[in-house]
Amino acid sequence: MTETTDYRPADFKDFAKGDGIRFLTRDTGRTGAGLFWRTGTVTQVTDKTVTVTCDGNQLGATARIRRADWVGRAPERAVKAPATTKRYRRTENGTTTYLTQAEGEAEIEQLREAYKRGEIRELFSGSAGTTHTTLTGLRIHMDLEDAPEPTDPAPALDRIAPPVALRFLADYVTDTSGEEPVQRITVTMEGDPVPVLDKELPYGPGRNAARTLEALGWTITGMETYGGPSMFRAWVTPSPLPRLMPDQARGIVNGTFPEAQDFQPAYTEAGEFLGYTWQSTPQSTARFGWITPSGTFARGLEAYRSGAEALLPMAVMDDERQARRRALAQESEGSRLARRATEAVARTAEYRARMDDRTAEEARRYGAPVPPLVAARIAAREAAPLALPAAGEAPAQQLPAPRVLEGVVVQHDGATDGCFPKHVQHPDVLAARGALDGMAFARLTDRHDISAPTEEEQQTRGYVVKPRGDGRVTVYWLERGKAIRRDTPLDGAALDCLEYRMKTRGWETERMGRSAHCLFAHVPQDQRQG
């Protein structure tokens with residue numbers, strides 16, 4: 001039994017100061033060793049880089065790995081491996097069982113004898129293990145591995161382990177034996193020779209293998225063997241979604257910029273793929289452009305690559321907005337109406353519940369009785385939660401008719417909507433509230449001071465109407481219970497919205513100054529109610 005330091009592929013976020021690390025480095029000197037592994041200890045981690053103090057001093061005492069170069073450097077985190085012993089892992093139909101080394105070697109010997117007698121269809125044996133196929137087509141794989149020494153060996157029937165996580169190997173090979181050289185990418189599951197991906201691409205000496213694999217939906221997590229940039233074997237894991245390949249991006253851009261080249265990927269701070277930046281011509285005076293994963297590319301070019309890269313996030317957001325608009329445009333008219341009606345019913349039910357709770361709370365605060373209708377709705381809601389239609393389902397009830405204010409004597413329990421309780425029956429106020437129907441209103445009591453609200457009153461927001469006599473009213477907008485000025489940043493625009501609504505409903509308004517606190521409006525003759 002031995003205790004060793006093992007290295008496992010890890011993401012950028014998995015490293016911390018003091019961790020052991022192993023990563024790939026290329027020595028390109030005249031007598032350089034090419035690509036080789038370096039080990040060391042992490043001394044600093046930032047949002048974009050990991051700094052390493054290296055073992056030995058072959059290429060310097062320290063190294064810095066950027067998040068953008070993470071895949072090419074294939075960093076692995078050091079893990080202290082416990083004391084181990086050898087055992088055989090036997091995989092059959094996704095179920096894994098473990099055998100001692102002696103049991104595994106005995107079974108392999110029996111398989112060889114059975115193969116000689118013709119009782120097994122195929123038998124492969126090598127450094128990756130032994131795989132045999134029965135006459136019925138069942139494939140069974142056995143390989144020797146290091147395993148923790150069991151402290152309490154279990155009986156043979158209890159050695160069945162849960163299915164292990166699938167691991168995949170990618171072979172990247174350049175084949176120049178044919179009339180036209182090609183580059184072939186093959187991905188297989190560990191222990192299964194049948195490929196899950198077999199892709200043949202035209203020969204491209206400048207092609208980046210790691211980016212090509214990512215475009216096909218696979219991310220390199222570590223190297224198994226390396227014979228150069230055009231011939232290697234690597235451990236890979238499936239990516240969430242295949243993305244635009246560099247060759248595809250070049251084909252799209254070359255229709256407008258025939259000499260476009262040097263397509264380099266761009267990422268967000270979180271490592272998400274944004275697209276590519278590219279160079280318009282081989283000359284030193286070339287300008288730079290970008291292309292998004294959906295194929296949208298720049299028509300106007302930038303003087304520097306960094307400028308093109310800075311525009312990519314906005315271009316990706318534009319693509320996402322366009323995709324949402326297309327999805328809405330393809331939605332049928334019937335489903336669109338049903339969806340809007342469903343949303344309206346949900347909003348109405350939510351608003352009614354909120355207003356009922358507020359009315360009951362204010363009635364208790366001022367010692368007034370809760371209106372019977374409000375009390376009945378609250379009791380029914382608490383007894384059985386309101387069931388709203390599911391998304392996309394047509395509502396089973398009709399939308400409530402708009403509230404008619406004209407000629408109605410409004411009863412209140414100490415608070416009213418859009419005006420003070422003492423003005424609730426004023427005809428000019430009723431007409432103004434009718435013109436502003438549908439807009440957010442403030443719920444007020446007669447004690448509310450809109451110039452200096454109390455802490456409780458600071459929860460109020462919306463419009464307030466006051467009568468001024470002779471068909472003239474003032475309209476305020478409250479934020480946090482206080483009337484705001486027209487020049488208040490952001491919130492001040494609410495007074496302009498009130499003015500626009502009144503004008504569209506036929507009201508005449510007086511010009512507001514920049515520091516105005518309210519809007520003066522005159523009731524049209526045809527809307528007078530008294």
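**The whole protein**

Colour by secondary structure to begin: the protein has nine helices and 27 strands, taken as DSSP runs of H or I with at least four residues for helices and of E with at least two for strands, numbered from the N terminus. This is a predicted model, where local features need pLDDT of at least 70 and side-chain atom pairs count only at pLDDT 80 or more, while totals for chains, interfaces and linings use all residues. Residues are numbered from 1 along each chain as its sequence is written, and side-chain values use heavy atoms, leaving out hydrogens and water.

Of the 530 residues, 37% are buried, meaning under 20% relative accessible area with a 1.4 Å probe, protein chains only.

**The largest nonpolar core**

Next, select Tyr 463, Val 465, Val 475, Leu 498, Met 502 and Trp 507, which touch the most other members of the 24-residue largest nonpolar core. Such a core is a set of buried Ala, Val, Leu, Ile, Met, Phe, Trp, Tyr and Cys residues joined through side-chain atoms within 4.5 Å. Helix H8 (427-435), strand E23 (462-469), strand E24 (472-479), helix H9 (493-504) and strand E27 (519-522) each give two or more residues to this core.

Zoom in on Trp 507. Leaving aside residues up to four places away in sequence, its contacts include Asp 428, Ala 431, Val 473, Met 502 and Pro 524 (contact: heavy atoms within 4.5 Å).

**Helix H8**

Seven of its nine residues are buried, so H8 is largely enclosed by the rest of the structure. Those buried residues are Asp 428, Val 429, Leu 430, Ala 431, Ala 432, Arg 433 and Ala 435. Show what covers them, and you will find strand E21 (416-417), E23, E24 and H9 included.

**A three-stranded sheet**

Finally, move to the open sheet with the order E18-E19-E20, where pairing is antiparallel (two strands pair if DSSP finds at least two bridges between them). Strand E18 (261-267) and strand E20 (288-291) are the edges, each pairing on one side only. Five bridges join E18 to strand E19 (residues 273-279).

How values were computed
Buried < 20%, exposed > 50% of the residue type's maximum accessible area, 1.4 Å probe, protein only.
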